[in-house]
Amino acid sequence: MRSYLFGVLWGFAAAILIALTALFGVWWERKVAGRMQMRFGPQQAGPAGVLQTLADTVKLVVKEDITPNLADVPVFKLMPYLVFVPSASAFAVIPFANGWAPFNTEASALFFLAVPGMGALGMLLAGWASHNTYGSLGGVRAAAQLVSYELPRTLSVLSLVVLAGTTSAVGIRGAWQWWWIVVLAPAFAVYFISSIAEVNRGPFDLPEAESELVAGYFVDYSGIRWAIFMMVEYSGIVAASLFGAATFLGGGLGIPGPLGVLLFVAFTVAFTTMMIWVKWSFPRLRPDQLMSFAWKVLTPVALVQLLVAGVVSAL
Amino acid sequence: MSTADTDGTRRLDPDLDPDGSCGTAPSATAAAHPTVVHATNEYSSGVRGAFERCASLFVGLGITAGRMRARPKTLRYPFERLTLSPRWRGALRLTGLLGTDEVSTIQADCASYNARIGEMAAAGGLPPCTGNCPANVDARGQALYLAKGMSAEAYELVRLRNVLPGTMGRICHYPCESACKRNHYDEPIAIRPLHRVAYEGFQQVRAERVRPLPVTRGQRVAVIGSGPSGLAAAFDLMQQGYEVHCFEKEGKPGGALYSGVPAYRLPRDILHGEIDDLVAMGLRITSGVEVGVDMPIRHLIDEYDAVLIATGLQSSRMLPLPGADAEGVMGALEFLKVGNLTGDVGISGKRVLVVGGGNVAVDCARVALRVGASQVQMTSLESMDELPAHPWEIEEALDEGVVALCAWGPHSVMAEDGCVTGMRMQSVVSVFDAHGRFAPQFADEYMEVEADIVLFAIGQASDLHRLVEGSGLELTERGILPVDRTLMTTQADGVFACGEVVTGPGSAIGSIASGHEAAVSIHRYLQGIDLAEGRAFRPDLQCPRYGDVDLEGLQATRLRAKMPMAHPEERAKDFRSVELGITEAEGLREAQRCLQCESGVCVGCAFCARACPDYAIDVERVDDPDNRHVARYDLDLTKCCFCGLCAEQCPTGALRHTAQYELAFYHRDLMVFDKQEMQRPEEGSRATGADGCAGGGCD
Amino acid sequence: MTTTFAATMASIAEKFKSAVLADSDGVADACIRVEREELLGLATELAAKGFDQLEMVTAVDYRDRIGLIYRLVSATLSASLVVRCDLPAEQPRVVSLAGIWPAADSQEREVLDLFGVAFDGHPCPKRIFLPDDFCGHPLRKDFESPTLIRRPDLI
Amino acid sequence: MPDQEFNQELVVNVGPQHPSTHGVGRILLNLDGDIVRKAELIIGHLHRGIEKMAENRTYLQVVPLTDRLDYVGSMYANWAYCRAVEKAAAIDVPERAEYLRVIVCEMQRIASHMMSVGSSGADSGAFTVFVYAFDLRERIVELFEQLCGARLTYSYVRPGGVAFDAPDGWADAVLAEMRKLPTGLEELDKLLFGNVIARGRLKGVGIMSTEQAIAWGATGPVARGSGVALDIRRQDAYSVYPRIGFDVVVGDNGDAYDRARCRLLECFESVRIIEQAITQMPEGPILTDGIPRLIAPPKGDAYARIESARGTLGVYTVSDGGAKPYRVHFRSPAFCNVSLISRLAPSHVLSDLGVILGSLDPVFGEVDR
């Protein structure tokens with residue numbers, strides 16, 4: 001009974017942590033994108049606009065979430081949660097400290113890669129359920145994109161697993177060596193690019209392409225449901241950055257103590273900023289270019305990287 | 001390895017290798033031959049292309065990162081506000097409104113008048129009618145008073161700069177009306193007839209209004225000649241408190257106005273009535289005394305502190321043609337003097353030929369008709385449309401039966417046994433040479449014109465020989481008195497000159513203007529102030545040219561008061577007045593037509609409403625004389641598109657743009673700015689919020 | 001109007017009995033008036049002669065008739081030509097030139113929409129600006145509609 | 001025989017309220033998956049009947065109407081209309097006014113091209129390009145505000161000259177801006193047209209051959225992108241353009257990339273024109289005096305055309321001798337260019353639709369009139 005209660009409490013704490021990361025992510029993106037476009041970004045709510053996202057959230061919670069009358073109502077209402085739960089559960093396996101992760105199992109690295117993939121189903125059904133041509137187009141694109149970028153992302157993490165010898169994220173972090181940075185640089189690049197695509201951001205934001213599909217699969221969502229989709233996206237960015245920093249850079253280059261933690265947080269913020277930087281600097285890819293880029297460029301690079309990792313680990 | 005596109009692209013090196021010269025600054029060669037620039041650029045092929053593709057991504061990231069360092073360009077609204085250009089076309093506002101604000105009239109004494117006019121012109125507040133008048137008479141002020149029925153004040157205001165308003169109301173060549181802004185809209189204001197209305201209004205209250213001016217200064221000034229210039233200078237000096245004594249050689253004062261201008265144009269009683277007013281105000285005039293003959297000028301110079309020579313032009317210039325000494329050939333001025341004063345020149349039943357095309361020639365012709373000439377002909381070098389005389393004078397003369405032979409030059413006078421039988425005329429090819437100088441070219445085609453009397457009206461000259469004896473003044477060999485035309489001084493100390501003796505043949509108002517300048521010089525001389533230092537002169541303004549307006553279809557109220565004319569045949573027989581003058585009521589309405597230009601006070605003329613493409617302005621004015629005000633001025637902001645056409649058409653410059661553009665209102669009626677709102681202070685009001693930008697409250 | 005250009009225009013004008021070579025009226029270098037029956041023939045002739053660019057198609061309601069104006073520009077001859085064709089005011093109907101110059105397609109639909117001129121053989125003869133159920137043609141001088149507010153004639 | 005019912009096309013209604021239609025245009029798309037089979041342009045949402053309104057206004061009152069035509073380039077519409085009226089009423093224009101018109105319209109061309117290049121960046125997803133382009137546009141609009149007090153609808157050019165003279169110090173401010181502008185333009189070129197993703201999106205999209213461009217009635221950068229070297233400033237050599245050296249920018253492939261890049265390079269040409277025009281501008285009056293308040297040209301027609309940012313902007317006026325024009329027609333380049341979408345869009349992906357429409361650079365004020 002105690003462990004059950006403990007699990008529920010831990011679940012709430014995780015949910016609040018994820019909400020905070022999303023709030024930080026949104027605020028940070030609006031500030032960085034603002035400065036890139038020669039403007040201030042939010043500056044009125046709280047010092048340097050920090051409370052802006054809090055205010056947005058309160059607005060979204062209070063706002064009426066409309067359900068289109070022709071929509072498939074139960075599916076329409078369920079989809080935000082079906083999309084949120086998988087991407088939130090990814091946080092469970094991220095090795096925050098040396099040797100510790102909230103949910104430490106054997107194949108936690110693969111868990112981190114596989115579970116968010118289920119979000120694709122949620123997006124597809126969300127688009128379809130809102131009975132809106134743009135929504136369904138966005139949903140179809142989201143599904144195609146997520147499926148095709150699963151592969152390079154998994155392959156790049158596999159080369160890590162080969163070097164570390166274990167598939168658990170905590171193990172990978174523990175076995176981290178400094179020369180991995182040199183050997184696994186292409187893997188990290190592939191991982192970074194495909195995780196941008198996984199989160200539907202940057203040059204790959206086909207599903208919610210503003211200028212074509214207005215808002216993709218969540219076009220008919222409003223209020224808290226729309227906020228959840230936003231939380232999925234921004235918590236996804238932070239999760240990918242956390243995992244990238246933890247495994248590829250050994251969580252602060254393996255340095256124990258507060259300096260390591262500081263480095264770990266610095267790397268995470270750096271990767272998040274990189275994602276924002278890439279989104280606001282490049283135009284959007286066309287769906288066919290998106291697919292060909294995944295299959296013809298990222299996957300071969302990831303395979304070659306796996307080969308190299310195999311050879312190196314054999315030495 | 002250059003890229004696929006041709007050499008045309010000298011602008012931007014397509015492949016982004018770092019050393020590429022990314023476009024030189026555009027060369028400013030003016031007439032570079034028109035080449036074609038090709039806009040297409042491709043990546044190079046192969047490995048180099050792949051390298052360029054990746055490089056392009058990083059170049060893009062570099063640019064956006066570069067912008068992050070720079071300070072953001074946006075404002076922290078509402079703490080920091082945009083600074084708007086002074087020409088910003090925001091909501092409209094009126095700087096003044098008839099009924100609440102007062103139009104300023106030009107009340108300045110002669111010493112500071114030119115400075116006041118110069119300062120108004122610089123500030124853009126000088127109405128074109130005042131600007132174009134040689135004496136800068138405040139015609140706007142006159143119309144303002146007349147519109148309120150205060151004709152006496154109007155008369156006195158005009159008299160400040162135009163010493164004989166009633167007289168000038170009949171003989172002035174009114175340059176003010178050609179400059180009137182109303183030419184742009186429909187017809188100009190009839191300013192000259194309004195002088196007459198003011199004169200008639202003043203006559204009723206003449207008794208109490210004419211008071212002797214106090215003599216506050218000890219010096220005494222002598223003025224030789226009581227023509228318009230002399231009287232103007234005398235009046236100015238009397239207002240400054242000097243004692244002025246005027247000497248006139250004719251029986252009655254008035255100079256050229258008395259002897260030159262015919263009675264049908266200027267009735268004698270009006271001229272002498274106004275001069276009597278001057279006398280009543282303290283001017284001493286002794287007629288019948290010719291200085292230089294009855295009294296030496298040396299006596300005046302010793303007796304008086306300053307002497308002003310304002311004799312005008314006395315003798316008409318004769319042409320040394322063969323046969324010009326025959327009997328029956330007369331000078332214009334002599335003819336006019338006898339014709340005007342006595343009326344019988346002994347030409348009844350004879351044929352008269354007037355040589356010359358100026359105003360004096362036309363006067364001679366019309367006077368000849370009236371004193372019994374059987375047939376009157378005019379010849380002039382210039383063609384019909386180049387005649388120097390005023391167009392309306394020529395037209396009236398032609399109506400009365402005068403025959404004009406244009407573009408014929410005098411060759412010789414035909415005479416039998418001493419008396420004139422006619423003239424041989426030679427046809428004229430051109431009058432002025434390329435530079436506009438008077439150099440007539442003649443063709444060899446001749447014509448005879450029979451006439452019994454020949455009048456030469458080709459110019460006048462002054463004969464000052466007798467006047468200047470013993471005064472230390474030398475005349476030039478052509479008999480002209482050398483005078484400094486800006487300060488009106490002569491070589492002799494304390495002796496000044498003004499009027500046509502200085503300027504040569506000109507208009508009456510021109511002489512009056514030179515009289516004012518002379519008065520200023522005399523005043524400074526007597527006060528010991530240096531004449532030239534700090535001396536403000538009249539700004540010379542270009543009168544704007546207006547396009548012609550077709551008047552059919554306009555409401556009658558907008559048109560000008562028509563001056564009734566006497567019937568041509570009847571008026572040719574005697575010296576009755578040609579222009580019969582407009583009535584008091586017509587004068588009042590005409591004065592109300594005046595737009596009070598550049599006054600900054602809206603007079604409700606509604607030309608902004610007519611200029612507005614969307615009819616957003618609605619103006620209504622109440623015109624009863626004692627309470628003249630704009631009753632309603634509504635600007636409907638729902639219709640206004642801020643194009644600014646109305647503010648440009650506003651003749652008074654009262655309608656101005658403000659910097660208020662945040663104009664979202666809560667109530668519909670706040671959108672229509674009424675009279676009060678249009679006069680809101682620059683900062684703001686109930687409709688535009690306290691600081692003019694915060695938008696109206698929802699009270 | 002260069003001589004060669006004038007010559008070509010004159011040669012074209014003779015081919016069609018109703019075509020009249022009027023003087024240039026400020027709209028183009030030359031002007032040809034033609035009856036609506038021979039418009040298509042003249043158009044194909046002009047297209048062959050090098051007038052490859054149809055710049056403007058518009059109409060003017062002269063109350064008793066409707067004047068169609070086609071302004072053509074030729075890059076080869078570097079000259080411009082205006083073809084005028086008058087139609088009766090009641091049921092104006094003329095052949096569509098969209099076949100010869102595709103540029104005429106949308107401009108003819110505009111004339112149909114605002115003037116009510118029917119173009120036979122037009123690929124999609126529908127109104128272009130106003131909703132299909134709009135009654136009347138706004139740019140006709142006799143167009144009356146409750147929403148049309150007469151403005152005060154204040155000049 | 002596959003069941004007919006299954007391969008039914010998906011009909012999507014893009015606009016009139018849509019971020020990438022540059023205004024209130026509406027496109028009815030028949031989609032087969034992502035491929036566009038048929039695109040039908042439905043316009044008229046911004047039809048205010050400007051030509052009908054112009055018939056009940058005096059010649060001067062029509063000038064504010066022409067601002068609202070191509071509201072991104074209202075200086076052109078003013079100038080084209082004023083040239084037509086000057087031609088009809090035989091009004092001549094002082095030298096200084098001609099130079100001011102050229103300077104102001106070339107600045108307007110740069111501002112309008114910045115709007116178009118910026119939105120072709122935004123259509124392909126690079127929103128930062130849109131902001132940088134608008135930063136350049138802002139500098140020019142700032143100068144316009146100092147000149148005539150308005151930022152968008154200027155009513156600056158008037159029959160017979162221009163409304164306001166340049167305030168003192170304005171010409172030097174323009175020169176200073178024109179020296180700083182090329183660096184901004186080159187930066188935009190590198191950020192958008194140099195970028196591999198943008199080239200991927202813009203190249204090979206909406207291809208139009210030279211013959212098609214002429215036949216379909218395209219003008220301006222849209223035609224020049226396909227190789228048609230047609231520039232009215234060069235062809236008609238109106239105003240003071242013969243005294244100013246500039247080049248015509250032409251593209252080779254006729255795709256969206258070339259059309260957009262033609263616009264960017266035309267901005268360099270405009271900078272050159274402005275610098276030369278400012279140095280050559282004489283002193284003197286800015287408005288011919290003696291123009292009546294109610295211009296009444298004699299009976300007859302007049303047509304004048306200029307090279308606006310979107311192409312050949314022609315104004316055809318018919319006068320019956322009265323103070324109000326009998327008929328005013330605007331040959332609108334945006335109207336002719338935007339109707340190409342139904343010919344260019346088929347067989348493209350849905351994402352390309354926005355890019356093609358952006359490359360045609362429609363402004364629906366001028367399209368619908």
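User: Hi! In what order do the three strands of the open sheet in chain D sit?

Analyst: Hello! This is a predicted model, and in it the order is β7-β8-β9 of chain D, with antiparallel pairing.

User: Which strands stand at the edges?

Analyst: Those are β7 and β9 (327-331) of chain D. Each has a single partner strand, so one side of each is left without a neighbour in the sheet.

User: And by how many degrees are neighbouring strands turned against each other?

Analyst: On average by 15 degrees, with direction ignored.

User: Let's take the pairs one at a time. How many bridges join β7(D) to β8(D)?

Analyst: Nine, with β8(D) covering residues 311-319 and running antiparallel to β7(D). The two strands make a hairpin that has two residues between them. If you want a spot to look at, D:Ser308 is opposite D:Gly311 in β8(D).

User: Nice. How many bridges join β8(D) to β9(D)?

Analyst: Five, again in the antiparallel sense. Here D:Tyr316 faces D:His329, which belongs to β9(D).

User: Is β7(D) mostly covered or mostly uncovered?

Analyst: Mostly covered: of the nine residues in β7(D), which spans 300-308, eight are buried.

User: Which helix lies across β7 and β8 of chain D?

Analyst: That is α3 of chain D, residues 74-89. The angle between α3(D) and β7(D) is about 150 degrees.

User: Changing topic: which two chains have the most contacts between them?

Analyst: Chains B and D, out of five pairs of chains that touch. Chain D puts 48 residues into that contact and chain B puts in 46.

User: Which elements of chain D supply at least two residues each there?

Analyst: On the side of chain D that touches chain B, they are α5 (127-148), α6 (170-193), β6 (248-250) and α11 (256-280). Helix α11(D) gives the most, with nine residues.

User: What does β6(D) pair with?

Analyst: It pairs with strand β1 of chain B, residues 36-38, in the parallel sense and over three bridges. Within β6(D), D:Val249 is the bridge partner of B:Val37.

User: And what about chains A and C, how far apart are their closest C-alpha atoms?

Analyst: They lie 25 Å apart, and no contact joins chain A and chain C.

User: OK, cores next. How many residues has the largest nonpolar core?

Analyst: It has 404 residues, and B:Leu308 and D:Ile341 have the most contacts inside it. Helix α11 of chain A, residues 224-248, makes the largest contribution to this core, with 15 residues.

User: What is D:Ile341 in contact with, leaving aside neighbours within four places in sequence?

Analyst: Its contacts are D:Ile27, D:Ala39, D:Leu41, D:Ile356, D:Leu357 and D:Leu360. There is also a second, separate core of 47 residues, which includes B:Leu353, B:Ala389, B:Ile394 and B:Val413.

User: Last one, on confidence: what is the mean pLDDT of chain A?

Analyst: It is 88, and 98% of the residues in chain A reach 70 or more.

User: Which element of chain A has the lowest mean pLDDT?

Analyst: Helix α10(A), residues 210-213, has the lowest mean at 61, whereas helix α9(A), residues 185-198, has the highest at 93. Where pLDDT is low, the predicted coordinates should not be read in detail.

Definitions and conventions
Residues numbered from 1 in each chain as written. Chains lettered and ligands numbered in written order. Predicted model: local features only at pLDDT ≥ 70, side-chain atom pairs only at ≥ 80, totals over all residues. pLDDT = per-residue confidence, 0-100. Helix = DSSP H or I, 4+ residues; strand = E, 2+ residues; numbered from the N terminus. Contact = placed C-beta atoms within 7 Å. Pairing = 2+ DSSP bridges. Buried ≥ 20, exposed ≤ 12 C-beta atoms within 10 Å, placed from the backbone. Core = buried A, V, L, I, M, F, W, Y, C linked by C-beta atoms within 7 Å. Axes fitted to C-alpha atoms, helices over the stretch in contact; angles between N-to-C directions.
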